[in-house]
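Subject: Structure handover

Hello,

Here is the structure for you to look at. Please open it beside this email and follow along.

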Amino acid sequence: MMKLKSLLILTLAFLYFSCGSNSGSKKSHFSIKTDENKKEFQLGESISGQIENKKEFSIDSVIVYLNTEKVTAKSPNWSFDIPLKNQLLGNQTLKAEVYYEGQKDTTNKSIKIFNDTPPKAYTYEIVNTYPHDPEAYTQGLEFLNDTLYESTGEYGESDLRKVDLETGEVLQIIDLDNSVFGEGMTIFNDQIILLTWQAKEGYIYDRETFEKKGTFSYNQSEEGWGLCNDGEHIYKSDGTEKIWLLNPETFAEENYIQIATHKSINSKMNELEWVDGLIYANTYQKDGVAIINPKNGAIVGLIDFRGLRNKLGNENELSEVNHVLNGIAYNPHTKQLFVTGKHWDKLFEVKIVEK
């Protein structure tokens, strides 16, 4: 009886682990082979290839997907061709669904998609200079109705404030809890949406009273960096190559674009600003601002702000690593663009000029 019982236990255990391993580690009988084994592509090219059928199964049909786009592969080699026009850039996945002998199999291949043209190069001219609070570790900067709003960072010093542009005077302020590090902000539907860095949540404030109305969680990204909006969509950077699109009601991360040039995928996009249909984003610890197409993530321009730091009155008091360019504000009514930095004592109105 004991032997029979032991045998039954072993059999059940074998069945349990066998089922578990088959469901989690089953390998596809097929693979995607791109022409010349190419893994990197630019817009304007085509992704061409075929399905490898090493065991020579009888294939009925094959559908190849690139995000939501799909094409039907052609027999007898089950070849496919996907022209790249307006696709999302960055790290992408080709997926093939293979229907064969009454069964279905799925196989994937990782690829990279870049823009087809290099970014345009821009520089700047200083139009006006305004005072800026050197105590402000600027994280977010935004105009609404000719009023400047700003969020600041650092543990124990983070706050949200309303600022007079001409004088730099702080007109209204609310401190964040000492346990959080404030990050970027944007004004959406008469609410101020503000990020924290590593607390994995953002805050919602009434724009007029600065009363805290609620919080929201980061459901996919690890950190909060910058925010902007176009009146309908909210965009959030998290330090990676991704800029997330947030649900305008719940602020949950629903989708994302990846930031890329014609030859690289870029990260560390920090403070964001919506400027006439494009996203302006400064690269953390760099003296430059990327101009991004929000539809596919392409960097279409780069603004070189080197030399601006030399115009500060407190430059010698600041470290080059931490007290960097950060803060972009655009007044859509007057078409004025402003930039500043972390603990900078000046805010600059600038004109962007193509090199």
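First, the ground rules. This is a predicted model: local features need pLDDT of at least 70, side-chain atom pairs count only at pLDDT 80 or more, and totals for chains, interfaces and linings use all residues. Residues are numbered from 1 along each chain as its sequence is written, and side-chain values use heavy atoms, with hydrogens and water left out.

Domains
The protein is assigned domain 1 (30-114) and domain 2 (120-354). Such bounds come from an automatic or database domain assignment. The two C-alpha centres lie 39 Å apart. Twelve residues of domain 1 and 14 residues of domain 2 make the contact (heavy atoms within 4.5 Å). Together the domains bury about 830 Å², with 57% of it on carbon and sulfur atoms. Buried area is the accessible area (1.4 Å probe) that two parts lose on being put together, summed over both. On the domain 1 side, Leu 88, Leu 89 and Phe 114 lose the most area, together 60% of what that side buries.

Pockets
A pocket is an open set of points on a 1 Å grid over the protein atoms alone, where a 1.4 Å probe fits, with protein on both sides within 12 Å along at least five of seven lines; lining residues have an atom within 4 Å of a point. The largest pocket holds about 310 Å³ of space. Its lining has 18 residues, and Glu 142, Phe 143, Asn 229, Tyr 330 and Pro 332 lie nearest its centre. Strand β10 gives the most to this lining, three residues. Strands are DSSP runs (E, at least two residues), numbered from the N terminus.

The second largest pocket holds about 200 Å³. Of its 17 lining residues, Thr 283, Gly 288, Val 289, Leu 302 and Ile 303 are closest to its centre. Strand β25 supplies the largest share of the lining, four residues.

Thr 283
This residue sits in strand β23 (residues 278-283). Is Thr 283 buried or exposed? Thr 283 counts as buried because its relative accessibility is 18%. Buried means under 20% relative accessible area, exposed over 50%, and partly exposed in between (1.4 Å probe, protein chains only). Leaving aside neighbours within four places in sequence, Thr 283 is in contact with Ser 267, Lys 268, Met 269 and Gly 288. Gly 288 is also among the residues closest to the centre of the second largest pocket.

Best wishes

Notes: Points joined across faces, edges and corners; volume = space filled by probe spheres on them.
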